[in-house]
Protein chains: 2
Amino acid sequence: MVEQQRAAVADSGTRTRTRRAIVDAAVALLARDSGASLADVAAAAGVGRTTVHRYFPERSDLLAAIGADVLEKVEAATAAARLDQGPAPEALERLCQEYFELGAGLTLMFDSPQLMTWSGWDEETPADRALSRLVERGRAEGTLDAELTPEWVQSVLWSLLYSAWELSRRREASKHTALTLCLRTLGKALAP
Amino acid sequence: MVEQQRAAVADSGTRTRTRRAIVDAAVALLARDSGASLADVAAAAGVGRTTVHRYFPERSDLLAAIGADVLEKVEAATAAARLDQGPAPEALERLCQEYFELGAGLTLMFDSPQLMTWSGWDEETPADRALSRLVERGRAEGTLDAELTPEWVQSVLWSLLYSAWELSRRREASKHTALTLCLRTLGKALAP
DNA sequence: CCTGAGTGGAACAGTCGTGTTCCACTCAGG
DNA sequence: CCTGAGTGGAACACGACTGTTCCACTCAGG
(Lines give C-alpha, C1' and ligand atoms only; values in the text may rest on other atoms or scores of the structure.)
Protein backbone atom coordinates (compact mmCIF):
# COMPACT_ATOMS: atom_id res chain seq x y z
CA MET A 1 0.00 0.00 0.00
CA VAL A 2 2.86 2.27 0.81
CA GLU A 3 4.25 1.42 -2.61
CA GLN A 4 0.91 2.32 -4.13
CA GLN A 5 1.04 5.75 -2.50
CA ARG A 6 4.60 6.32 -3.57
CA ALA A 7 3.67 5.27 -7.08
CA ALA A 8 0.89 7.85 -7.15
CA VAL A 9 3.38 10.58 -6.35
CA ALA A 10 6.29 9.66 -8.56
CA ASP A 11 5.82 6.54 -10.62
CA SER A 12 8.50 5.38 -12.98
CA GLY A 13 8.35 4.98 -16.75
CA THR A 14 5.65 6.94 -18.51
CA ARG A 15 4.99 9.32 -15.65
CA THR A 16 8.65 10.22 -15.27
CA ARG A 17 8.97 10.84 -18.98
CA THR A 18 5.88 13.06 -19.14
CA ARG A 19 7.00 15.01 -16.13
CA ARG A 20 10.40 15.63 -17.67
CA ALA A 21 8.84 16.77 -20.94
CA ILE A 22 6.71 19.33 -19.12
CA VAL A 23 9.53 20.69 -16.98
CA ASP A 24 11.95 20.90 -19.89
CA ALA A 25 9.42 22.62 -22.12
CA ALA A 26 8.55 25.03 -19.33
CA VAL A 27 12.19 25.96 -18.79
CA ALA A 28 12.75 26.61 -22.48
CA LEU A 29 9.52 28.54 -22.85
CA LEU A 30 9.71 30.65 -19.70
CA ALA A 31 13.28 31.60 -20.54
CA ARG A 32 11.93 33.29 -23.65
CA ASP A 33 8.64 34.57 -22.24
CA SER A 34 8.35 34.75 -18.48
CA GLY A 35 4.65 35.45 -18.85
CA ALA A 36 3.81 32.30 -20.77
CA SER A 37 0.53 30.64 -19.73
CA LEU A 38 0.11 27.04 -18.66
CA ALA A 39 -1.66 26.38 -21.94
CA ASP A 40 1.48 27.55 -23.73
CA VAL A 41 3.62 25.26 -21.60
CA ALA A 42 1.31 22.34 -22.31
CA ALA A 43 1.44 23.00 -26.04
CA ALA A 44 5.23 23.34 -25.97
CA ALA A 45 5.51 20.07 -24.09
CA GLY A 46 3.15 18.36 -26.51
CA VAL A 47 0.65 17.42 -23.82
CA GLY A 48 -2.84 18.56 -22.86
CA ARG A 49 -3.42 21.34 -20.38
CA THR A 50 -5.22 18.85 -18.18
CA THR A 51 -2.11 16.72 -17.96
CA VAL A 52 -0.02 19.65 -16.79
CA HIS A 53 -2.50 20.20 -13.96
CA ARG A 54 -2.37 16.52 -13.14
CA TYR A 55 1.37 16.74 -12.46
CA PHE A 56 1.46 20.26 -11.07
CA PRO A 57 -1.90 21.18 -9.45
CA GLU A 58 -1.02 24.86 -9.23
CA ARG A 59 1.23 27.12 -11.25
CA SER A 60 3.46 27.57 -8.24
CA ASP A 61 4.00 23.81 -8.12
CA LEU A 62 5.41 23.86 -11.64
CA LEU A 63 7.59 26.83 -10.80
CA ALA A 64 8.89 25.04 -7.73
CA ALA A 65 9.68 21.96 -9.81
CA ILE A 66 11.56 24.12 -12.29
CA GLY A 67 13.51 25.75 -9.48
CA ALA A 68 14.44 22.38 -8.04
CA ASP A 69 15.41 21.07 -11.47
CA VAL A 70 17.66 24.00 -12.33
CA LEU A 71 19.18 24.02 -8.87
CA GLU A 72 19.98 20.33 -9.19
CA LYS A 73 21.68 20.88 -12.52
CA VAL A 74 23.66 23.82 -11.17
CA GLU A 75 24.88 21.73 -8.27
CA ALA A 76 25.82 18.88 -10.58
CA ALA A 77 27.70 21.24 -12.89
CA THR A 78 29.51 22.78 -9.95
CA ALA A 79 30.56 19.39 -8.66
CA ALA A 80 31.76 18.36 -12.13
CA ALA A 81 34.00 21.42 -12.31
CA ARG A 82 36.04 20.22 -9.28
CA LEU A 83 36.57 23.77 -8.06
CA ASP A 84 39.07 22.79 -5.39
CA GLN A 85 41.54 21.34 -7.86
CA GLY A 86 44.22 23.16 -9.83
CA PRO A 87 44.80 26.90 -10.30
CA ALA A 88 41.79 29.09 -9.59
CA PRO A 89 41.60 30.61 -13.09
CA GLU A 90 41.49 27.16 -14.67
CA ALA A 91 38.86 26.01 -12.20
CA LEU A 92 36.75 29.04 -13.10
CA GLU A 93 37.14 28.20 -16.76
CA ARG A 94 35.92 24.66 -16.13
CA LEU A 95 32.97 26.05 -14.20
CA CYS A 96 32.07 28.34 -17.09
CA GLN A 97 32.12 25.47 -19.52
CA GLU A 98 29.87 23.42 -17.27
CA TYR A 99 27.44 26.27 -16.60
CA PHE A 100 27.26 27.15 -20.29
CA GLU A 101 25.67 23.76 -20.87
CA LEU A 102 22.75 24.74 -18.66
CA GLY A 103 21.35 26.55 -21.68
CA ALA A 104 17.91 28.05 -21.12
CA GLY A 105 18.22 27.34 -17.41
CA LEU A 106 20.95 29.97 -17.47
CA THR A 107 18.48 32.59 -18.63
CA LEU A 108 15.96 31.64 -15.95
CA MET A 109 18.58 31.83 -13.22
CA PHE A 110 19.81 35.17 -14.41
CA ASP A 111 16.80 37.30 -15.13
CA SER A 112 14.04 35.58 -13.24
CA PRO A 113 15.32 35.37 -9.69
CA GLN A 114 11.78 36.31 -8.65
CA LEU A 115 10.66 33.16 -10.45
CA MET A 116 13.21 31.20 -8.50
CA THR A 117 11.49 31.82 -5.20
CA TRP A 118 11.21 28.22 -4.18
CA SER A 119 12.50 26.55 -1.03
CA GLY A 120 16.23 26.29 -1.60
CA TRP A 121 17.20 29.69 -3.00
CA ASP A 122 18.24 31.74 -0.06
CA GLU A 123 21.14 33.41 -1.84
CA GLU A 124 23.29 30.70 -0.32
CA THR A 125 23.22 27.47 -2.30
CA PRO A 126 26.10 25.02 -1.97
CA ALA A 127 27.20 26.04 -5.46
CA ASP A 128 27.34 29.69 -4.38
CA ARG A 129 29.47 28.80 -1.42
CA ALA A 130 31.80 26.62 -3.47
CA LEU A 131 32.32 29.46 -5.93
CA SER A 132 32.95 31.94 -3.13
CA ARG A 133 35.54 29.63 -1.65
CA LEU A 134 37.24 29.31 -5.01
CA VAL A 135 37.42 33.06 -5.49
CA GLU A 136 38.82 33.53 -2.00
CA ARG A 137 41.44 30.90 -2.76
CA GLY A 138 42.39 32.61 -6.00
CA ARG A 139 42.73 35.96 -4.25
CA ALA A 140 44.89 34.42 -1.56
CA GLU A 141 47.07 32.65 -4.13
CA GLY A 142 47.40 35.84 -6.13
CA THR A 143 45.93 34.24 -9.25
CA LEU A 144 42.76 36.41 -9.14
CA ASP A 145 42.40 40.17 -8.90
CA ALA A 146 42.08 40.92 -5.18
CA GLU A 147 40.37 44.23 -5.93
CA LEU A 148 37.27 42.35 -7.05
CA THR A 149 34.95 41.03 -4.37
CA PRO A 150 33.62 37.45 -4.52
CA GLU A 151 30.05 38.74 -4.98
CA TRP A 152 31.15 40.86 -7.91
CA VAL A 153 33.10 38.01 -9.50
CA GLN A 154 29.99 35.88 -9.18
CA SER A 155 27.85 38.56 -10.83
CA VAL A 156 30.33 38.95 -13.65
CA LEU A 157 30.53 35.23 -14.20
CA TRP A 158 26.76 34.87 -14.52
CA SER A 159 26.21 37.95 -16.62
CA LEU A 160 28.96 37.08 -19.08
CA LEU A 161 27.61 33.55 -19.37
CA TYR A 162 24.15 34.96 -19.95
CA SER A 163 25.47 37.31 -22.61
CA ALA A 164 27.31 34.52 -24.36
CA TRP A 165 24.26 32.27 -24.29
CA GLU A 166 22.04 35.02 -25.70
CA LEU A 167 24.62 35.74 -28.38
CA SER A 168 24.45 32.17 -29.60
CA ARG A 169 20.68 31.98 -29.14
CA ARG A 170 20.26 34.99 -31.41
CA ARG A 171 22.42 33.23 -34.00
CA GLU A 172 25.02 36.00 -33.85
CA ALA A 173 27.70 33.47 -33.04
CA SER A 174 28.08 29.70 -32.75
CA LYS A 175 27.93 28.21 -29.29
CA HIS A 176 31.65 27.53 -29.43
CA THR A 177 32.54 31.04 -30.54
CA ALA A 178 30.32 32.55 -27.87
CA LEU A 179 31.89 30.44 -25.16
CA THR A 180 35.38 31.30 -26.39
CA LEU A 181 34.61 35.02 -26.24
CA CYS A 182 33.17 34.57 -22.77
CA LEU A 183 36.17 32.66 -21.44
CA ARG A 184 38.68 35.09 -22.92
CA THR A 185 36.83 38.09 -21.52
CA LEU A 186 36.36 36.56 -18.09
CA GLY A 187 39.96 35.37 -17.90
CA LYS A 188 41.36 38.81 -18.62
CA ALA A 189 38.87 40.57 -16.38
CA LEU A 190 39.66 38.45 -13.34
CA ALA A 191 43.45 38.20 -13.83
CA PRO A 192 45.46 40.07 -11.17
CA MET B 1 -7.81 76.24 -32.67
CA VAL B 2 -4.67 74.48 -33.67
CA GLU B 3 -3.24 75.49 -30.34
CA GLN B 4 -6.28 74.03 -28.61
CA GLN B 5 -5.71 70.69 -30.33
CA ARG B 6 -2.04 70.70 -29.53
CA ALA B 7 -2.91 71.51 -25.95
CA ALA B 8 -5.21 68.51 -25.77
CA VAL B 9 -2.38 66.22 -26.83
CA ALA B 10 0.53 67.59 -24.83
CA ASP B 11 -0.29 70.57 -22.69
CA SER B 12 2.34 72.19 -20.55
CA GLY B 13 2.43 72.52 -16.77
CA THR B 14 0.28 70.09 -14.85
CA ARG B 15 -0.19 67.66 -17.71
CA THR B 16 3.53 67.42 -18.40
CA ARG B 17 4.26 66.85 -14.73
CA THR B 18 1.63 64.12 -14.38
CA ARG B 19 2.85 62.41 -17.51
CA ARG B 20 6.42 62.40 -16.25
CA ALA B 21 5.34 60.99 -12.91
CA ILE B 22 3.55 58.11 -14.61
CA VAL B 23 6.39 57.26 -16.99
CA ASP B 24 9.05 57.48 -14.28
CA ALA B 25 7.03 55.33 -11.90
CA ALA B 26 6.38 52.80 -14.65
CA VAL B 27 10.08 52.54 -15.50
CA ALA B 28 11.03 51.99 -11.87
CA LEU B 29 8.22 49.52 -11.28
CA LEU B 30 8.53 47.49 -14.47
CA ALA B 31 12.27 47.19 -13.94
CA ARG B 32 11.50 45.28 -10.76
CA ASP B 33 8.39 43.44 -11.93
CA SER B 34 7.83 43.21 -15.65
CA GLY B 35 4.35 41.86 -15.02
CA ALA B 36 3.12 44.81 -12.97
CA SER B 37 -0.46 45.87 -13.73
CA LEU B 38 -1.58 49.35 -14.69
CA ALA B 39 -3.20 49.65 -11.28
CA ASP B 40 0.24 49.05 -9.75
CA VAL B 41 1.76 51.70 -12.01
CA ALA B 42 -0.96 54.16 -11.06
CA ALA B 43 -0.42 53.51 -7.37
CA ALA B 44 3.34 53.85 -7.74
CA ALA B 45 2.89 57.14 -9.58
CA GLY B 46 0.47 58.37 -6.95
CA VAL B 47 -2.37 58.87 -9.41
CA GLY B 48 -5.66 57.12 -10.12
CA ARG B 49 -5.92 54.29 -12.59
CA THR B 50 -8.31 56.43 -14.60
CA THR B 51 -5.67 59.09 -15.01
CA VAL B 52 -3.18 56.59 -16.41
CA HIS B 53 -5.73 55.61 -19.03
CA ARG B 54 -6.32 59.28 -19.80
CA TYR B 55 -2.67 59.74 -20.76
CA PHE B 56 -2.08 56.29 -22.23
CA PRO B 57 -5.31 54.79 -23.60
CA GLU B 58 -3.82 51.31 -23.94
CA ARG B 59 -1.05 49.49 -22.15
CA SER B 60 0.98 49.47 -25.33
CA ASP B 61 0.83 53.26 -25.44
CA LEU B 62 2.49 53.45 -22.05
CA LEU B 63 5.10 50.92 -23.11
CA ALA B 64 5.82 52.92 -26.24
CA ALA B 65 6.21 56.08 -24.18
CA ILE B 66 8.64 54.29 -21.89
CA GLY B 67 10.60 53.03 -24.88
CA ALA B 68 10.82 56.52 -26.33
CA ASP B 69 11.82 57.95 -22.99
CA VAL B 70 14.60 55.45 -22.35
CA LEU B 71 15.81 55.71 -25.93
CA GLU B 72 15.99 59.47 -25.62
CA LYS B 73 18.04 59.21 -22.43
CA VAL B 74 20.37 56.66 -24.00
CA GLU B 75 20.99 58.91 -26.96
CA ALA B 76 21.62 61.90 -24.70
CA ALA B 77 24.05 59.89 -22.57
CA THR B 78 25.87 58.66 -25.68
CA ALA B 79 26.22 62.18 -26.99
CA ALA B 80 27.49 63.40 -23.63
CA ALA B 81 30.23 60.76 -23.65
CA ARG B 82 31.80 62.28 -26.81
CA LEU B 83 32.84 58.86 -28.11
CA ASP B 84 34.93 60.24 -30.94
CA GLN B 85 37.29 62.08 -28.63
CA GLY B 86 40.38 60.75 -26.89
CA PRO B 87 41.61 57.17 -26.52
CA ALA B 88 38.97 54.48 -27.03
CA PRO B 89 39.31 52.97 -23.53
CA GLU B 90 38.73 56.35 -21.94
CA ALA B 91 35.78 57.05 -24.18
CA LEU B 92 34.28 53.71 -23.14
CA GLU B 93 34.79 54.63 -19.53
CA ARG B 94 32.98 57.91 -20.03
CA LEU B 95 30.16 56.03 -21.75
CA CYS B 96 29.86 53.64 -18.81
CA GLN B 97 29.62 56.49 -16.35
CA GLU B 98 26.88 58.12 -18.42
CA TYR B 99 24.92 54.91 -18.91
CA PHE B 100 25.18 54.02 -15.25
CA GLU B 101 23.09 57.09 -14.50
CA LEU B 102 20.21 55.60 -16.48
CA GLY B 103 19.39 53.62 -13.39
CA ALA B 104 16.24 51.51 -13.68
CA GLY B 105 16.12 52.24 -17.40
CA LEU B 106 19.26 50.13 -17.58
CA THR B 107 17.38 47.11 -16.28
CA LEU B 108 14.54 47.61 -18.74
CA MET B 109 16.93 47.88 -21.65
CA PHE B 110 18.82 44.80 -20.60
CA ASP B 111 16.28 42.18 -19.68
CA SER B 112 13.13 43.42 -21.32
CA PRO B 113 14.08 43.82 -24.95
CA GLN B 114 10.70 42.28 -25.73
CA LEU B 115 9.18 45.19 -23.81
CA MET B 116 11.21 47.56 -25.93
CA THR B 117 9.39 46.64 -29.11
CA TRP B 118 8.36 50.10 -30.02
CA SER B 119 9.07 52.05 -33.22
CA GLY B 120 12.74 52.96 -32.95
CA TRP B 121 14.36 49.77 -31.68
CA ASP B 122 15.51 47.95 -34.75
CA GLU B 123 18.74 46.74 -33.19
CA GLU B 124 20.34 49.76 -34.83
CA THR B 125 19.89 52.94 -32.84
CA PRO B 126 22.27 55.85 -33.36
CA ALA B 127 23.80 55.02 -29.98
CA ASP B 128 24.46 51.45 -31.11
CA ARG B 129 26.20 52.67 -34.22
CA ALA B 130 28.26 55.22 -32.33
CA LEU B 131 29.44 52.52 -29.95
CA SER B 132 30.25 50.16 -32.82
CA ARG B 133 32.32 52.89 -34.47
CA LEU B 134 34.18 53.50 -31.24
CA VAL B 135 35.03 49.82 -30.82
CA GLU B 136 36.21 49.59 -34.41
CA ARG B 137 38.40 52.62 -33.83
CA GLY B 138 39.87 51.11 -30.69
CA ARG B 139 40.64 47.85 -32.50
CA ALA B 140 42.31 49.73 -35.33
CA GLU B 141 44.32 51.83 -32.91
CA GLY B 142 45.34 48.76 -30.99
CA THR B 143 43.87 50.09 -27.75
CA LEU B 144 41.13 47.44 -27.62
CA ASP B 145 41.38 43.65 -27.87
CA ALA B 146 40.91 42.84 -31.56
CA GLU B 147 39.82 39.31 -30.71
CA LEU B 148 36.56 40.64 -29.33
CA THR B 149 33.85 41.55 -31.83
CA PRO B 150 31.96 44.85 -31.54
CA GLU B 151 28.71 42.98 -30.83
CA TRP B 152 30.36 41.09 -27.99
CA VAL B 153 31.92 44.23 -26.55
CA GLN B 154 28.49 45.81 -26.61
CA SER B 155 26.96 42.82 -24.82
CA VAL B 156 29.68 42.86 -22.20
CA LEU B 157 29.29 46.57 -21.64
CA TRP B 158 25.56 46.30 -21.03
CA SER B 159 25.70 43.17 -18.91
CA LEU B 160 28.45 44.52 -16.65
CA LEU B 161 26.55 47.76 -16.25
CA TYR B 162 23.43 45.79 -15.41
CA SER B 163 25.33 43.71 -12.87
CA ALA B 164 26.80 46.79 -11.26
CA TRP B 165 23.41 48.47 -11.06
CA GLU B 166 21.81 45.39 -9.52
CA LEU B 167 24.67 45.14 -7.04
CA SER B 168 23.99 48.65 -5.80
CA ARG B 169 20.22 48.20 -5.95
CA ARG B 170 20.49 45.18 -3.68
CA ARG B 171 22.50 47.31 -1.24
CA GLU B 172 25.50 45.00 -1.60
CA ALA B 173 27.65 47.95 -2.60
CA SER B 174 27.36 51.70 -2.90
CA LYS B 175 26.71 53.14 -6.33
CA HIS B 176 30.25 54.45 -6.46
CA THR B 177 31.81 51.14 -5.46
CA ALA B 178 29.68 49.26 -7.97
CA LEU B 179 30.66 51.59 -10.77
CA THR B 180 34.33 51.33 -9.83
CA LEU B 181 34.18 47.53 -9.95
CA CYS B 182 32.43 47.72 -13.29
CA LEU B 183 34.95 50.10 -14.82
CA ARG B 184 37.95 48.15 -13.57
CA THR B 185 36.53 44.86 -14.84
CA LEU B 186 35.54 46.27 -18.21
CA GLY B 187 38.85 48.03 -18.68
CA LYS B 188 40.86 44.89 -18.09
CA ALA B 189 38.53 42.70 -20.15
CA LEU B 190 38.74 44.92 -23.21
CA ALA B 191 42.44 45.79 -23.03
CA PRO B 192 44.53 44.29 -25.84
C1' DC C 1 -8.46 -10.26 -24.93
C1' DC C 2 -9.32 -6.86 -21.38
C1' DT C 3 -8.14 -3.99 -17.82
C1' DG C 4 -6.44 0.07 -15.85
C1' DA C 5 -3.04 3.61 -16.06
C1' DG C 6 -2.33 7.62 -18.61
C1' DT C 7 -4.10 10.91 -21.40
C1' DG C 8 -6.84 14.73 -24.15
C1' DG C 9 -10.76 17.54 -24.66
C1' DA C 10 -14.89 19.93 -23.37
C1' DA C 11 -17.17 22.56 -20.17
C1' DC C 12 -17.61 25.41 -16.11
C1' DA C 13 -16.84 28.87 -12.37
C1' DG C 14 -13.81 32.04 -10.37
C1' DT C 15 -10.33 35.59 -10.54
C1' DC C 16 -7.69 39.32 -12.35
C1' DG C 17 -6.26 42.89 -15.58
C1' DT C 18 -8.00 45.87 -19.16
C1' DG C 19 -10.55 49.44 -21.22
C1' DT C 20 -14.66 52.46 -20.88
C1' DT C 21 -18.15 55.52 -18.99
C1' DC C 22 -19.96 58.65 -15.78
C1' DC C 23 -20.08 61.68 -11.97
C1' DA C 24 -18.40 64.39 -8.11
C1' DC C 25 -14.46 66.78 -6.26
C1' DT C 26 -10.50 70.12 -6.10
C1' DC C 27 -8.19 74.14 -7.00
C1' DA C 28 -5.58 77.60 -9.50
C1' DG C 29 -6.31 81.62 -12.58
C1' DG C 30 -9.15 85.19 -14.38
C1' DC D 1 -16.08 84.36 -6.56
C1' DC D 2 -16.55 81.05 -10.26
C1' DT D 3 -15.21 78.47 -14.03
C1' DG D 4 -13.03 74.78 -16.26
C1' DA D 5 -9.06 71.85 -16.50
C1' DG D 6 -7.44 67.98 -14.14
C1' DT D 7 -8.42 64.41 -11.31
C1' DG D 8 -10.18 60.13 -8.49
C1' DG D 9 -13.48 56.66 -7.68
C1' DA D 10 -17.28 53.60 -8.70
C1' DA D 11 -19.24 50.64 -11.81
C1' DC D 12 -19.46 47.86 -15.86
C1' DA D 13 -18.35 44.63 -19.84
C1' DC D 14 -14.93 41.92 -21.71
C1' DG D 15 -11.22 38.71 -22.29
C1' DA D 16 -7.51 35.76 -20.64
C1' DC D 17 -5.72 32.52 -17.42
C1' DT D 18 -6.53 29.34 -13.71
C1' DG D 19 -8.21 25.45 -11.44
C1' DT D 20 -11.69 21.75 -11.44
C1' DT D 21 -14.71 18.02 -13.02
C1' DC D 22 -16.19 14.57 -16.07
C1' DC D 23 -16.02 11.55 -19.87
C1' DA D 24 -14.12 9.10 -23.83
C1' DC D 25 -9.99 7.38 -25.90
C1' DT D 26 -5.52 4.79 -26.33
C1' DC D 27 -2.47 1.30 -25.48
C1' DA D 28 0.85 -1.62 -23.14
C1' DG D 29 1.04 -5.60 -19.93
C1' DG D 30 -0.90 -9.55 -17.71
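Two residues are in contact here when heavy atoms lie within 4.5 Å. Keep that in mind, and remember that this is a predicted model.

Let's start with the two protein chains. By that cut-off, 30 residues of chain A are in contact with 29 residues of chain B. How much area do chain A and chain B bury between them? About 2,400 Å². Carbon and sulfur atoms hold 59% of it. Three residues stand out on the chain A side. A:Trp152, A:Leu181 and A:Lys188 supply 26% of the area that chain A buries against chain B, more than any other three residues.

Now the charges. There are four salt bridges between chain A and chain B. Look at A:Arg184, which pairs with B:Asp145. Their closest N and O atoms are 2.7 Å apart. Which helices of chain A each supply at least two residues to this side? H7, H9 and H10. The largest share, ten residues, comes from H9(A). By class, the chain A side has 14 nonpolar, seven polar and nine charged residues.

Next, the DNA. B:Leu38 uses a backbone N or O atom, 2.8 Å from a phosphate oxygen. What does the side chain of A:Arg54 approach? A base nitrogen, at 3.1 Å from an N or O atom.

Methods
Residues numbered from 1 in each chain as written. Chains lettered and ligands numbered in written order. Predicted model: local features only at pLDDT ≥ 70, side-chain atom pairs only at ≥ 80, totals over all residues. Heavy atoms only, no water. Buried area = accessible area lost by both parts, 1.4 Å probe. Salt bridge = Lys/Arg side-chain N within 4 Å of Asp/Glu carboxyl O. Helix = DSSP H or I, 4+ residues; strand = E, 2+ residues; numbered from the N terminus. Nonpolar A, V, L, I, M, F, W, Y, C, P; charged D, E, K, R; others polar. Polar contact = N/O pair within 3.5 Å; in protein donor to acceptor, adjacent residues only side chain to side chain.
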